Amino acid sequence: MNDGVRCMWMRGGTSKGGYFLKSDLPADTAQRDAFLLRMMGSPDPRQIDGMGGADPLASKVAVVAKSAREGVDLDYLFLQVFVDEAIVTDKQNCGNLLAGVGPFGIERGLVQVKGDETRVTIHMENTGQTAVATVSTPGGQVTYAGDARIDGVPGSAAPIPIEFRDTAGSTCGALLPSGNAVDEIDGVPCTLIDNGMPCIVLKAADVGATGYEDRETLDNADDVKARIEAIRLKAGPMMNLGDVTELSVPKIMLVAPPRHGGAVSVRSFIPKRAHASIGVLGAVGVATACLIAGSPAAAVATIPDGKRKTLSVEHPTGEMTCVLEVDADGAVVSAALLRTARKLMDGAVFG
């Protein structure tokens, strides 16, 4: 890789990272991962010798290819590059980086523009699920400028609505992989849920938190972190994930009653550091858990009426709005969110 590898650096949602064409990376997984670790500067807490931002939210990679699947435009593989460990994992999805996949695919010529807006259907290889992103393409080109705002990102950008399809059980095999709405782990009632992202949802108060802390406070709360990590390790096998000691899933979601007019307040761990906001699919999981009778989330949430439910998930830097469609039995059948993205750099990176 002495000549560099073509790459576009983008912000997607509240994360950022490198976007690559699959054909530009080594076909051998071990060689690919070794390159990505060197490129990001891992393992090192500062990632000083690489492109990484010394934060899991800025140490991410999207690998994109033109899809051969019928009715699908792009295949997207998400890779989490650990900051201070020599680990590259595909064991989770990323709905934030997903926001940049459509624009990237159009810019690389994999998707043809279809008017002022271009709908891009994306197969997410990590979980086998499908998403449809609507990209602003006035004049036949991607535009990143617009008036849409999302909490956790300063300024505004072009809106990228994303609709998720067939998300339930995409990693764990079932929406509730244990078969229960509530499981008690170490004396704490938990909902083990997978609606696009394996999550453990529990009341913040049950593990010594409030659910309203800022990120720094949570990252320094060693007692809370030790308790939730013990729960996470026990939940792994219950969620069909096996030993999750070195995995980035399941995520921990600490819920509390809303304070700012939303549906629920959440503080999430990804999984061992507190999230600056909340992941897209983590928000979908929490919103879904709010609709499960008897769950810890339902106990603290404020839920609107109707089959189409707009739930505002409050997080440390604002809120994320999830729009859920439910069937006659109350089961969630689709989820949609608003994201934005911005191209930051297009060139070559070195490993």
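These exercises walk through a predicted model, each with a worked solution.

Residues are numbered from 1 along each chain as its sequence is written. Because the model is predicted, local features need pLDDT of at least 70 and side-chain atom pairs count only at pLDDT 80 or more, while totals for chains, interfaces and linings use all residues; side-chain values use heavy atoms, with hydrogens and water left out.

**Exercise 1. The loop between H1 and S3**

Find which residue is joined to Ser42 by a cis peptide bond, and work out where that residue lies.

Solution. 
- Step one: go to Ser42 and look at the peptide bond to Pro43. Omega is about 0° here, and the bond is cis.
- Helices here are DSSP runs of H or I with at least four residues, strands are runs of E with at least two, and the numbering starts at the N terminus.
- Step three: stay in that loop and stop at Gln47. Gln47 isn't a glycine, yet its phi is positive, about 45°.
- Step four: carry on to Ala54, in the loop between H1 and S3. Ala54 also isn't a glycine, and its phi is positive, near 60°.

Now, are Gln47 and Ala54 buried or partly exposed? Buried means under 20% relative accessible area, exposed means over 50%, and partly exposed is in between (1.4 Å probe, protein chains only). Gln47 has 1% relative accessibility, so it counts as buried. Ala54 has a relative accessible area of 26%, so it is partly exposed.

**Exercise 2. Salt bridges**

How many salt bridges are there, and where do the partners of Asp55, Arg69 and Arg232 lie?

Solution. 
- Step one: apply the rule. A salt bridge needs a side-chain nitrogen of Lys or Arg within 4 Å of a carboxyl oxygen of Asp or Glu. The count comes to ten.
- Step two: take Asp55. It pairs with Arg215, and the closest N and O atoms are 2.9 Å apart. This pair links distant parts of the chain, with Asp55 in the loop between H1 and S3 and Arg215 in helix H3 (residues 215-219), 160 residues apart. Both Asp55 and Arg215 are buried.
- Step three: take Arg69. Its partner is Asp75, again with 2.9 Å between the closest N and O atoms. Arg69 is partly exposed because its relative accessibility is 40%, whereas Asp75, at 8%, counts as buried.
- Step four: take Arg232. Its side chain meets that of Glu229, at 2.9 Å from N to O. Both residues belong to helix H4, three residues apart, or about one turn of the helix. An α-helix has 3.6 residues a turn, so residues three or four places apart point the same way. Arg232 and Glu229 are both buried.

**Exercise 3. Cysteines**

Solution. 
- Step one: recall the cut-off. A disulfide is a pair of cysteine sulfur atoms within 2.5 Å.
- Step two: search the whole structure. You get zero disulfides.
- Step three: check the distance. The sulfur of Cys322 is 9.1 Å from the closest cysteine sulfur, in Cys290, so it is too far for a bond.
- Step four: look at the cover. Cys290 is buried, at 3% relative accessibility, and Cys322 is buried too, at 0%.

**Exercise 4. Helix H2**

How many residues of H2 are buried, and what does Gly109 do just after the helix?

Solution. 
- Step one: run along H2 (residues 98-107). Nine of its ten residues are buried, and the helix is mostly covered. Among the buried ones are Leu98, Val101, Phe104 and Ile106.
- Step two: go just past H2 to Gly109. Its phi is positive, about 80°.
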